[in-house]
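Thanks for coming. I will keep this short and put the structure up before I say anything about it.

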Amino acid sequence: MKNKILVLMAISLSCFLLQSCGQEDTVDSKTLQKYSLFVEVPEDGKLTDTKGDVRPTTATTNVAFIDLTEMTVKVTENNIAVTMTVADLPDQFTYNKAKSNQLEYWWTVIFDTDSNSKTSVGDLALYLAYGSRTEAQEAKGALLDFAKPSFRVFTSVTDSGTSDTSFLDDKINTTISESTIIFSVEKSSHVNLNKITSSTKVRFEAYYIDASNNGFSDFYPNTGGQMRYDTSEGQWPTYGGDLGNSKYSPLDQINRDNVKDLAVAWVWDSPDHALKPRLKGPTDRFKGTPLMIDGVLYVRTSLNIAVAIDAETGRTLWVFDPESYLFGRPGNFGYTTRGLAYWRDDEDQRLFLATGDSKLFALNPRNGTPINSFGNGGFVDLKKGLHRSVEGQDRIMNYSAPPVVCRDVVIIGSIVTDGLGFFRGKKAPVDMPPGDVRAYDVRTGEMRWRFNTIPQAGEFGVETWEDESWKWVGACNVWSIISTDEELGYAYLPVSAPSSNFYGGFRPGDNLYGQSLVCVDVTTGERVWHFQTIHHAAWDLDLPAAPNLVDITVDGRAIKAVAQVSKTGFTYVFDRVTGEPVWPIEERPVPTDGVPGEILSPTQPYPTRPPPFDRQGLSEDDLIDFTPQMRERAKQFVSQFRLGPMFTPMSTQGTIMLPGINGGGDWMGGAFDPETGILYVSSKTLPTLIKLVEQSPDSPWPIRYREEFSFAFVGNLPIVKPPWGRFTAIDLNKGEIVWQRANSDGPRHQPRLKPLNLPPLGTWAKSNLMVTKTLLFAAVSGHGVYEPDGKPSPAKLCAYDKATGDAVWKHPIRPGVYNGGGAPMTYQWKGRQYIVIPTGGGRDQAHLVAFALKREGDTQVKVAPALPPRLIPTEVRGKVGESEAKGLAVFQAKCLGCHTMGHGPLKGPDLLGAHERPRPMLVRSMLLMRLSHGVEVSAEEIQQVVDFLKREDAPALLYTK
């Protein structure tokens, strides 16, 4: 079935007081109007407001409001009656494409006697549940029909965490009229009415249960309907904010005047740290930028775990752990991660997760379970469907970039190790893993097309691979992020170099589509246009970042353009419809005197505009000159090696490249402001020494040359003048640089440099940008940066004036002290704008840190831990009590068939840690088991299961003898 049918959002209505037992109190209608229950009507996309309510700030266009103008609660000795008067109650809410009988819609009135708790289920709850539909209702597509309702009503009693199922014996009475809903319960002896006092709070909520997935949607206020893949409504639905990867949001609640009041709102703790005992080494730096859709953040951790997080509190909602880390650390990029992709239409929604062991999962965003109708039980095997087999070589492939979704296809590139590792121990050329880009149907997982980045027989460009090297050379992969234009139906692929990085004597020719920006049709995968930025690549100067889709005006002409930054320091700008350069790109002569056997292109493309945003080429004039001694050391160092302009050939002597292989634009890319036409680029100036070593005939490397490389440093500093990291503002309407600034102080406060009174030097670590309507934000790494007191600096979230680049605010990113390239994002939820940044990882705990403007009454921020993934301790810790042992037996007998302890393609959501959640899913689910599952579970058994799940070593009890 199509999962996303209708969502009744969980809106907590203003509480009121019951004066005493047996007394009646009426809620003021004005109070209720502000917090009116609302439901989505995505059929026509029109907003219907029945009473002119004050809408919650999270409301989107496809909603209709219902006013509770009056609620009356009457409590007597043996009866509780709740009367709700609803203004203009419609006959039904329709959604014609809904065809499922597995959805149940619930209204809840909760009596919460714990005045100090926001998470208590309460001592008494009355539930109304819509169960089934008539054939006539089915024909109309009706989900709720107030004229002919089919309701179940019951109560649950909780006391100190316990639950009672004897409510099923209570006598229920329900009356539905045109504008009034009355339900009452004749009480059994188990209900202690004395607990309802003048301090009792009452909440009215709505949510639904998707019986096909056994998950509760009160955590997920998704609005449904066709997805807007942009940030116009305060969301962040893709890695770069929108399909064109602008990394821009129009939010302006945080501005230059109040940015000083930003503070940490919450901190989320990744589950990766708990899994380290299962790994053979540390994880990699956490770079996963979350998505935010309708109040839920979705993030991929370094260990390929997908997590859903409450956008307001940082509370973990679910965890899906595919255990891909058991495959081992992938080759290129290791456990590096960037994120997930999200897709939604009128009927369905799903998350896409690509893992390091070559799987593409489709997950239900409501509970994290794989969607069985996609591929083979929820995933497709990415080792299959390539134009040549990769069996035995899958460890040198990886998938760290998020997939992208456009026009109902999910598109994915890959990382392929592009050094000489393929050849070690081989005496003849071997078939290398190719960098094919593939697209899959978002619903079925069927492969829709494949684009061969190395053309095969009969395909355009195959003649650029001489000596038939196209038959066996690999890579030419898209390891960075793909951008798409949904209106045009085009995808823009930033293709990297073929193997190997620094020597291509075995692949003569220009080698299309290596180092090219390629535009393909998202429906067919056919090439629309391409531009090769480097012919016959031999420098590892990839297109490392997502192409920015930009709308600009040049000489009075409006252009739908695409701007591609590169490790070269160039920004290549094209008409994204035709592929024509916006400004001329000239073929200029370059040196070709490389090593014997290498045939380099005599020319390379040079954009005439915009100017380079980083330094290109190296001469003695570029060397560091803080002191005569430093300059002399630098001169002595470079005198051993070959220097020259960009595209100076590699050599057996050793060639120093600038920008280096981790320099220039690198994978940080740019952030584009559509209001001003300015592209903000983060870059690094990091010289790299490459030396080619000729191999003997009996070497385990049959390729004639292999490379050795290192970064060109003297005294722990790059050999070139600073800044070593910078931000550049480029006006794409004019093709001009507006300003450039060092991205940080760098090491200028280092004790040995501080006496020199140097200007900001910048850091050569990754610093990612994001731009809003009011400010430019950057997550600046603490690597190589020192505070004025001479101590190492933590990573910082910084805000800058967009017009000048002047810093206006800085704040440490705690509790982590390192940001390894994670990009910030922003969203607005419940009237509050947040900025979230990933940090930590490696040997440190990984976190998401959320910033927001300070509010009166805010308390000290606590880390919100993720629900632990399935982690099997080596031994049970401590004595197992009688109740815990019985809970284990109940869980194994009655729960495990649908619910794992941490993840898995089973029907039910993870229950480990569920007892800690607000309005516990565990208690509600088990209360429903007798109704919906046909499983008999007593109140005593429920408590025993709770006791079992409370144990930290619950997985060990469950999965070990």
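First, the ground rules. This is a predicted model, in which local features need pLDDT of at least 70 and side-chain atom pairs count only at pLDDT 80 or more, while totals for chains, interfaces and linings use all residues. Residues are numbered from 1 along each chain as its sequence is written, and side-chain values use heavy atoms, with hydrogens and water left out.

A few terms next. Helices (H or I, at least four residues) and strands (E, at least two) are DSSP runs, numbered from the N terminus. Two strands pair if DSSP finds at least two bridges between them. Buried means under 20% relative accessible area, exposed means over 50%, and partly exposed is in between, with a 1.4 Å probe and protein chains only.

Let me begin with strand 20, residues 296–300. Five of its five residues are buried, so strand 20 is largely enclosed by the rest of the structure. Val296, Tyr298 and Arg300 point one way, and Leu297 and Val299 point the other way. Note that Arg300 is among the buried residues here.

Strand 19, residues 291–293, runs antiparallel to strand 20 and is joined to it by three bridges. In that pairing, isoleucine 293 stands opposite valine 296. The hairpin of strands 19 and 20 has two residues between the strands, and aspartate 294 takes a positive phi near 55 degrees. Strand 21, residues 306–310, is also antiparallel to strand 20, with five bridges. Valine 296 has aspartate 310 as its bridge partner in strand 21. This second hairpin has five residues between its strands, and asparagine 304 in the turn has a positive phi of about 70 degrees.

Strand 23 is joined to strand 24, residues 349–354, by four bridges, and tyrosine 342 stands opposite leucine 351.

Three bridges join it to strand 42, residues 655–657, in an antiparallel arrangement, with methionine 657 partnered by threonine 688. Seven bridges join strand 45 to strand 46, again antiparallel, and there leucine 692 stands opposite glutamate 707.

What about helix 4, residues 628–638: which of its residues are buried? They are Met630, Ala634, Phe637 and Val638. Seen down the helix axis, these fall within an arc of 85 degrees, so they line one face of helix 4; the arc is that of the directions from the axis to the C-beta atoms. The face turned away carries the exposed residues Pro628, Gln629 and Gln636.

Alanine 545 sits in the loop between strand 36 (527–532) and strand 37 (548–554), and at 2% relative accessibility it counts as buried. Alanine 545 and tryptophan 667 are 122 residues apart in sequence but 4.6 Å apart in space, C-alpha to C-alpha.

Last, the spaces. On a 1 Å grid over the protein atoms alone, a cavity is a set of points where a 1.4 Å probe fits but cannot get out; a pocket is an open set with protein on both sides within 12 Å along at least five of seven lines, and lining residues have an atom within 4 Å of a point. Grid points are joined across faces, edges and corners, and a volume is the space filled by probe spheres set on the points.

The second largest pocket holds about 910 Å³. Its lining has 35 residues, with Asn332, Phe333, Ile661, Asn662 and Lys766 nearest the centre. Strand 46 gives the largest share of that lining, three residues.

There are 14 cavities of 30 Å³ or more. The largest cavity has about 140 Å³ and is lined by 17 residues, including Thr238 and Tyr239.
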